[in-house]
Every structure is written in C-alpha cells, then in structure tokens.
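Good morning, and thank you for joining. I shall present one structure today, moving from single elements to whole chains.

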Amino acid sequence: MLTLEPPIDDLMVESLKAGDRIAISGVVYTARDAAHKRMIEALNKGESLPFDVAGQIIYYMGPAPAKPGEVIGSAGPTTSMRMDVYTPHLLEAGLKGMIGKGGRSDDVKRAIEKYKAVYFVAIGGAGALIAQSIKKAEVIAYDDLGAEAVRRLQVENLPVIVAHDVYGGDLYHEGRSKYRKPAHLP
Amino acid sequence: MSIREIQSDKITEAVAELCKQANYYLPDDVLDALKKAQNEEESPLGKEVLGKIIENADVAAQKQTPLCQDCGTVLIFIEIGQDVHVVGGSLALAVEEGVRQGYAEGYLRKSMVANPFSSRTNTSDNTPPVVYTNIVDGDKLKITVMPKGGGSENMTRFVALTPAQGRTAIVDFVVDAVDKAGSSPCPPIIVGIGIGGTADKAMLLSKKALVREVGGPNADAEVAALEKELLTEINALGIGPQGFGGIITALAVHVEVFPAHIASLPVAMTVQCHSARHKEIVL
C-alpha cells in the first residue's frame with residue numbers, strides 16, 4: 001500500500017490512479033455540508049478560510065462524540081455528492097484531496113482534472129473501525145455546528161482508495177461495468 | 001379485561017436503552033446476511049469491503065461505540081395495546097425524553113436540525129424522533145427504535161403508477177431508482193417497498209418492511225416472487241458493496257402490500273444502508 005502525507009502537490013496527485021490503495025498519515029481537515037456552505041460564502045466575500053486549503057485534504061465527516069478517554073467517536077465518511085456544488089471552488093483555491101464516499105458529478109470530475117486533485121473514498125458505515133486511525137482531533141472553526149464543525153485530525157495509516165484521478169479514471173464506473181449483467185448494459 | 005398501567009418513566013428508560021443498543025449492535029440477521037454476502041461476492045474488493053463492514057460491527061460491539069457516526073433520525077414504531085394506560089406523564093414526552101437521554105448518555109451523534117430550509121439549527125439532542133403509534137389488541141406496549149441514516153434516506157423514492165402500468169412498471173421503477181442511487185446509500189442495501197394504500201401509507205409500509213428479518217420472504221407467494229425478482233434484477237446492476245462493483249448490491253428486498261383505490265397503484269421505496277440498525281422491546 002502506498003503512503004501519503006499532506007500537503008500534497010501536482011506531482012504526487014499525478015502519480016495516483018483510480019483503484020490505488022493509499023494509507024494517509026498526518027493532518028487532514030473535516031468539513032461537510034454546513035461547513036462547506038460557510039467556506040464558500042467566505043471565499044465569495046473575499047474572506048480567509050478557517051485553514052489554508054492549498055495542498056490539503058478535506059475529509060467529509062462529522063464524527064460521533066468522543067467517549068471519555070477516546071480521541072473521537074465513530075468517524076466514517078459521508079456521501080460526497082452533496083458537496084459537489086461547492087467542490088470546484090475549493091479546488092480552484094488549491095485544495096488537493098478529498099475523502100468521502102460515493103461517486104462525484106461530472107463538474108467535480110472535470111475540476112479534478114483541471115486543477116490536479118484526487119478524490120479518495122473510505123468505507124461508508126465503518127466509522128468505528130476508521131476511528132482507530134485517528135490519533136488527535138480538535139475543532140478549529142464553526143464550533144456552533146456541532147458534528148459539522150471544522151476539525152483538524154491527526155491520522156495514522158488511514159486506509160483509502162483512489163476513486164477519481166486526474167486522468168478521468170473512475171473506480172465506480174470501472175467496477176460497475178465489470179459486474180453489470182448484459183441486460184442492464186446501455 | 002382490566003386496564004394495565006405502565007409508568008411513563010419506564011418508557012423513557014426503555015427508549016434510551018434501545019437508542020444505545022440499536023446504535024452499538026448490528027442485529028444478528030443483518031450480520032448473518034453480510035457474512036453470506038461476503039461468501040458469495042465475486043469481486044475481490046467487494047469481498048474485502050464486506051469483511052471490513054463485519055469487522056466494524058465487531059469493533060463497535062466490543063467498544064460500545066456507534067457502528068456509524070450517522071446515528072440517524074430516530075424512527076420509532078409503537079404498538080400500544082388498547083388495555084394499556086400510560087401513567088405519570090404523556091407517552092409522547094416520555095418517548096422524546098428517552099431519545100434525549102439515550103443520545104446524550106450513549107455518545108451518539110446529534111443530527112437533527114430545526115428550520116430545515118433556512119437556519120438549519122441543530123436541536124443538540126437528536127430530538128424530535130419520528131414516531132408512529134398504532135393501537136392494537138392486548139395489554140402490552142411494543143417499541144421499535146430504528147436509527148435511520150441520512151445518506152440512504154435521501155434515496156427514498158415514490159411513484160404513483162396507473163393500474164394499467166402494473167407489475168412490470170413496479171420492477172422498472174425500483175431497479176432504475178436503485179441504479180441511480182448507485183454508491184450513495186452505502187450498499188449492500190436492504191430495499192423496503194410499499195405497494196398500495198395512499199402515498200403516505202405506501203411510504204410507511206416501505207419503512208416497516210425494513211424491520212422484517214433480513215431475507216425472510218413475504219408470507220404471500222405472489223409478493224415473495226416479486227421480492228425475489230427484484231433482488232435478482234438489482235444484483236444484476238453490478239453496483240456491488242460500496243458501489244465498487246460486484247454481484248451483491250442488495251442483501252434483500254422486502255415488499256409490503258395494502259389494497260389500493262381502483263384508480264391507483266402507489267409504490268414507495270425506502271433504502272436502508274448496510275448498517276441496518278433497529279432494536280425492539282415489549283413492555
């Protein structure tokens with residue numbers, strides 16, 4: 001398995017292909033629906049973001065609360081397509097990676113190619129397991145959003161798979177084509 | 001028959017416990033269905049994903065931590081015997097307080113927002129639950145708690161078919177809707193289908209279909225045959241576990257039927273992710 005430590009640059013992104021297994025270590029930031037809405041509003045007003053997105057990875061995740069003595073509660077990915085409308089703006093601002101679940105829109109795929117970024121997926125509904133890769137978590141913005149606040153996570157060998165790469169590779173499309181029965185082929 | 005009294009605080013206690021248990025422990029029938037799927041899946045990645053989902057259930061149970069960070073909208077089905085009298089407070093408030101306590105004590109995520117099309121302010125305690133109360137015979141109170149995740153719930157679909165469109169159109173509607181949902185609802189999914197009644201009745205049937213034992217066929221042979229055909233067609237789509245490709249897109253299809261108006265054939269579909277959580281108790 002390849003390992004990756006943010007920040008990441010064009011060269012690293014270009015080395016990744018749909019289907020690659022990656023273990024991410026280091027810092028990733030969480031943001032989901034409500035945080036994305038606020039970040040895009042900030043960008044539109046020319047204000048600064050809660051963290052510099054250049055070269056960074058955003059994990060679409062809102063955790064369950066940490067039990068006493070734990071770093072974080074269950075912490076799996078949420079459905080990425082809800083962030084599709086915001087994503088091209090963040091990629092334009094320099095964001096390099098995203099972790100979520102499920103396929104992305106054509107607009108996002110085009111933006112991934114244009115701005116050289118990568119979309120990773122983790123296993124949805126495996127939040128208890130994924131939480132074991134998270135070593136530190138702190139809220140850095142939008143505390144009032146609760147589970148949806150922006151968090152800085154320190155992760156160790158967070159297992160992900162490349163779903164959309166800069167070459168237009170699509171894990172979902174490739175997987176589905178392989179197992180789709182003839183009656184359902186276009 | 002005499003009236004049986006049930007204290008409202010016992011109901012609160014029971015609901016709080018059900019919320020925690022449902023979020024920590026995957027039901028045995030769901031686990032068995034996942035293990036069977038792992039065995040049958042042809043895609044190596046799909047097989048591996050199913051293994052991780054099963055491992056996740058082990059970790060959650062062992063650590064008493066939620067299976068999924070999305071601890072859901074709390075759906076509650078209550079069957080209240082007509083010879084039951086709830087004393088000490090209102091049933092509705094007792095149930096709501098149970099959700100509040102369960103989600104606080106259980107370190108479960110609070111996902112409910114008020115003013116859903118404007119401020120979307122988190123209610124901070126995961127209330128209110130969505131509660132359906134049915135009055136039945138007897139002197140028992142049965143409570144089923146079903147935490148329903150947002151990702152799969154967003155794939156809910158409804159169609160008002162005409163009688164002429166019939167069975168073929170039902171199959172086309174369901175298979176097309178599952179195909180379009182693709183990877184989003186966290187496959188392998190369980191598909192609940194409600195046919196008949198009114199739009200709201202069909203929708204409720206599609207939800208209740210999800211608490212049936214996974215893969216146990218409908219008692220009516222004609223309905224069971226429809227379930228089987230739908231499952232085969234859905235699994236021919238190739239979506240597979242997590243949408244990475246494979247032969248197991250759905251673990252089961254459960255269909256519930258109710259008579260319909262001479263002009264109508266309403267069909268509702270509720271999608272359940274693989275984290276098919278529900279827990280019940282009879283007081």
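Predicted model: local features only at pLDDT ≥ 70, side-chain atom pairs only at ≥ 80, totals over all residues.

**A walk through chains A and B**

The buried residues of α2(A) are Ala34(A), Ala35(A), His36(A) and Met39(A). The helix itself runs over residues 33-44, and its 12 residues reach 17 Å from the first C-alpha to the last, close to the 16 Å expected at 1.5 Å a residue. Just beyond α2(A), Gly46(A) adopts a positive phi of about 75 degrees.

Let us stay with chain A and turn to a proline. Pro63(A) sits in the loop that links β3 (57-59) to α3 (87-92) of chain A. Is Pro63(A) buried or exposed? Pro63(A) counts as buried, because 25 C-beta neighbours lie inside 10 Å, and the cut-off for a buried residue is 20 or more. Which residues does Pro63(A) touch, leaving aside those up to four places away in sequence? They are Ile72(A), Gly73(A), Ser74(A), Ala75(A) and Ala147(A), together with Gln69(B). Thr78(A), 15 residues from Pro63(A) in sequence, is 9.9 Å from it in space, C-alpha to C-alpha.

Chain B contributes 42 residues to the contact between the chains, and chain A contributes 36 residues. On the side of chain B that touches chain A, the largest share, eight residues, is supplied by helix α3 (residues 44-63) of chain B. By residue class, that side of chain B comprises 17 nonpolar, 19 polar and six charged residues.

Now to chain B as a whole. Chain B contains eight helices and 12 strands. Its radius of gyration is 19 Å, close to the 19 Å that the globule rule gives for 283 residues, so chain B is as compact as a globular protein of that length. The C-alpha trace of chain B extends over about 55 × 50 × 40 Å along its principal axes. Of the 283 residues in chain B, 49% are buried. Taking contacts in chain B between residues at least 6 apart in sequence, 81% link residues at least 24 apart.

Within chain B, consider one pair of helices. Helix α6 (residues 166-181) and helix α8 (residues 221-235) of chain B pack at an angle of about 35 degrees, and their axes are 10 Å apart. The crossing of α6(B) past α8(B) is right-handed. On α6(B), the contact is made by Val171(B), Val174(B), Val175(B) and Val178(B), and on α8(B) by Glu229(B), Leu230(B), Glu233(B) and Ile234(B). Six of these residues are nonpolar, none is polar and two are charged.

I close with points of backbone geometry. In the loop between α6 and β9 of chain B we find Cys186(B), which has a positive phi of about 60 degrees although it is not a glycine. Cys186(B) counts as buried, with 32 C-beta neighbours inside 10 Å. Pro188(B) lies in the loop between α6 and β9 (189-197) of chain B, and a cis peptide bond, with omega about 10 degrees, joins Pro187(B) to Pro188(B). In chain A, a cis peptide bond joins Pro6(A) and Pro7(A), with omega about 0 degrees; Pro7(A) belongs to the loop between β1 (2-4) and α1 (10-14).

How values were computed
Residues numbered from 1 in each chain as written. Chains lettered and ligands numbered in written order. Axes fitted to C-alpha atoms, helices over the stretch in contact; angles between N-to-C directions. Helix = DSSP H or I, 4+ residues; strand = E, 2+ residues; numbered from the N terminus. Left-handed = near helix turned anticlockwise from the far one by under 90°. Contact = placed C-beta atoms within 7 Å. Nonpolar A, V, L, I, M, F, W, Y, C, P; charged D, E, K, R; others polar. Rg over C-alpha atoms; globule rule 2.2 N^0.38 Å. Buried ≥ 20, exposed ≤ 12 C-beta atoms within 10 Å, placed from the backbone. Expected span 1.5 Å × (residues − 1).
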